[in-house]
Amino acid sequence: MTSTSLAAPAGAAPAAPPRSGPLARLWRGRAEDARWVRPAFLGLLAVTTALYLWNLSASGYANSFYSAAVQAGGESWKAFFFGSLDAANAITVDKPPAALWPMALSVRLFGLGSWQILVPEVLMGVATVAVLYAAVRRRFGADAGLIAGAVLALTPVAALMFRFNNPDALLALLMTVAVYCVLRALEEDRGAAKWLVWAGVAFGFAFLAKTLQAFLILPPLALVYGVCAPGGIGRRIGRLALAGLAMLVSAGWWVALVELWPASSRPYVGGSQNNSFLELTFGYNGLGRINGDETGSVGGGGGGMGGGRWGETGIVRMFNDSVGGQISWLLPAALILLVAGLVVTRRAPRTDTARAAFLVWGGSLLITLAVFSFMAGIFHEYYTVALAPYLAALVGMGAAVLWEERTRLLASAALAVTVAVTAWWGWTLLGRTPDWLPWLRWTVLVAGAVAALGLLCAGRVDRRLGLGAAGLGLAAGLAGPFAYTLATVDAGHQGSIVTAGPAGGAMGGRGPGGGGMRMFGGEGFPGGGQMPGGPGGQGGQGGQMPGGPGGQMPGGQGGQLPGGQVPGGQGVQGGGQLPDGQGGTQGGRPGGTPPQGMARGEGFGGGGGGMGGLLNGASVGTEAKSALLKDADAYTWVAATVGAQNAASYQLATEKPVMAIGGFNGSDPSPTLAQFQQYVADGKIHYFIGGGEGGGTGEGGGGRMGGGGGPGGNSEISTWVAENFEKVTVGNATFYDLTAAE
């Protein structure tokens, strides 16, 4: 192959007479574009919007941990600023708050509800598709931009996370914006500084969404700009320094305020052990994610190729049973097309923007891919949404470049190999769910083979035949992820650990969309065996979760959950009760009464309930809700419970502050026993609710999942409450009235 100028983007046409009126100009787009370009782009955005809005309310409050913080931010500007879990500002989420802000503003404007929380995430997804299209089409044409946008929109994990309330949606959008700005800076010398500053701002706010993950792609972007940008080397370095300053200011203002704010008048920094956001950033959310040493976590420790508590690490991690169906459908194609694009542009000048684009998108993909593949700490399948924009851009760009070069045998052969490998990999992934749409697997393989043969001859046959082969190849490549995306949007997803695909929930079967997280080296549950803790707290069979002697969970004994029972006092096996003591499980969905305004299955349960609320919160019965709301305004917190997910359940049901003792895992040392006793003495807390993350209130020991917490942690609080206050049953929940000592 030889270098190509790529001077005329696909879709270009002779200028047409401009139409008058803003709507006409919006529909027509640029005068130099073919008439189909703008309608096709608007159609892509419209279809993406409709797809992501479909059945949106089925997810209810999605991740109740973040929804509770959104509810709090909608009530209190202080909670909004800090990202507090409750409006009384006891403790924050274990991330900075930027991802919560759009949702909290929506709740302030429109009230609390599923759509008010999730629609901002959908809009972020549509915006990411739009920004990606704009970034790719500037250099490679409208058809390349449309392919990239479609690949992103139909990536299953993207369809999952742009309909969910985790921080990953905002992170993906801001990373795409940052890449777009760097590409603009590479195009020109005069206005480069402006675009680099905007890139720095995007990186800064991405840090405020998900801390250090935002900086993964900084090295390749800075290196590519430093080498490939126009202008002298001193000017390039100076502009990069200016961008770094913009990044520091846009992220540092919030960090500085939090660190300088008196700890006594702000919430505790959730996820930290020393009430420090910097410790959280560089520890639990930083190096701990890489090496697995995460103080306060539920457990880390990847296991090389042999696996670990968070699944296998290694070069094939993105292709394994649990991750492959989320992101890897077109990952082989992206890698092949990255190499092809660099070969085609190998003789281009230093400042060639086509090659720089391949280096920017490809470098972003490779470095993120490497970190995700080998990180030994907490890893969830949905993290891979960060790869989706980079992957999609490479597919669109590479396909456009090879199509322009198709008259050369190597280029047409590269196109054919890309389609053939993609079809084979789609066939492989679909084979992991053999009972789901079995006909699709063979259709993809046959269509891909036919398209590959056609593309091999694309440069020597009629252009229409070549386009037909290209279209068939694109359809074969997208058929699998499209089907998985449809299955994803057709199901609700709740809890902390969710996956895309036909399994629908976070911890279902074994297929690409249902692998879930293999906690503590186990095979996932439900769907793969019983959850530990049958009658009397005995470990279940098959689905047991090793992590201690005899396969127990951390802190348990002989296969038992901490405290010898499932929090709330009842084991989970068959028709056992969930945390809070309400309702059994049915296909992994807790029973019981859902929060007001939500149908059964919308808010809590499904997609990873259980484990004492670690994966999702408890169901809240009407009697428990009524008790909490009685004289609620007389208390700072209507209740306290161990762990954030259970606290979130009660808070979302009542829209009143509920204290999450120990934060998300129940392992943060906040509040101390002395602090909690003072809150009780001051009459600030009405009830203590048994059955949090830590497992009950003293009778069985009240240990914590994940350990940590130190002196004065939740086990001491639970024991003190059990020894000094009378236990009462409210509905099926265990309450302790902290205003009435024994």
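Visitor: Which helix gives the most to the lining of the largest pocket?

Guide: The largest pocket holds about 590 Å³ of space and has a lining of 26 residues, with Ile147, Ala399, Ala470, Gly471 and Leu474 nearest its centre. At least two lining residues come from each of helices H7 (142-153), H15 (331-344), H17 (388-404), H18 (409-430) and H20 (463-489). The helix that gives the most, with 8 residues, is H20.

Visitor: Which strands stand at the edges of the sheet, and why is one side of each left without a neighbour?

Guide: The open sheet has 5 strands with mixed pairing, in the order E4-E3-E5-E7-E6. Each edge strand has a single partner strand, so one side of it has no neighbour in the sheet, and these two strands are E4 (658-661) and E6 (725-730). Between neighbouring strands of this sheet, with direction ignored, the average turn is 30°.

Visitor: What is the bridge partner of Phe688 in E7?

Guide: E7 also pairs with E5, in the antiparallel sense and over 3 bridges. The partner of Phe688 in E7 is Tyr736.

Visitor: At what angle to E6 does helix H24 run?

Guide: Helix H24 (residues 714-724) lies across strands E3 (637-642), E4, E5 (685-689), E6 and E7. Relative to E6, the helix H24 runs at about 90°.

Visitor: Over which residues does pLDDT stay under 50 while the model has 82 contacts beyond four places in sequence?

Guide: The mean pLDDT of the chain is 81, and 76% of its residues reach 70 or more. Residues 299-307 stay under 50, with 32 contacts beyond four places in sequence in the model. Where pLDDT is low, the predicted coordinates should not be read in detail. The stretch with 82 such contacts, likewise under 50 in pLDDT, is residues 692-712.

Conventions:
Residues numbered from 1 in each chain as written. Predicted model: local features only at pLDDT ≥ 70, side-chain atom pairs only at ≥ 80, totals over all residues. Heavy atoms only, no water. Pairing = 2+ DSSP bridges. Helix = DSSP H or I, 4+ residues; strand = E, 2+ residues; numbered from the N terminus. Axes fitted to C-alpha atoms, helices over the stretch in contact; angles between N-to-C directions. Contact = heavy atoms within 4.5 Å. 1 Å grid on protein atoms, 1.4 Å probe; cavity = no way out; pocket = protein on both sides within 12 Å on 5 of 7 lines; lining within 4 Å. Points joined across faces, edges and corners; volume = space filled by probe spheres on them. pLDDT = per-residue confidence, 0-100.
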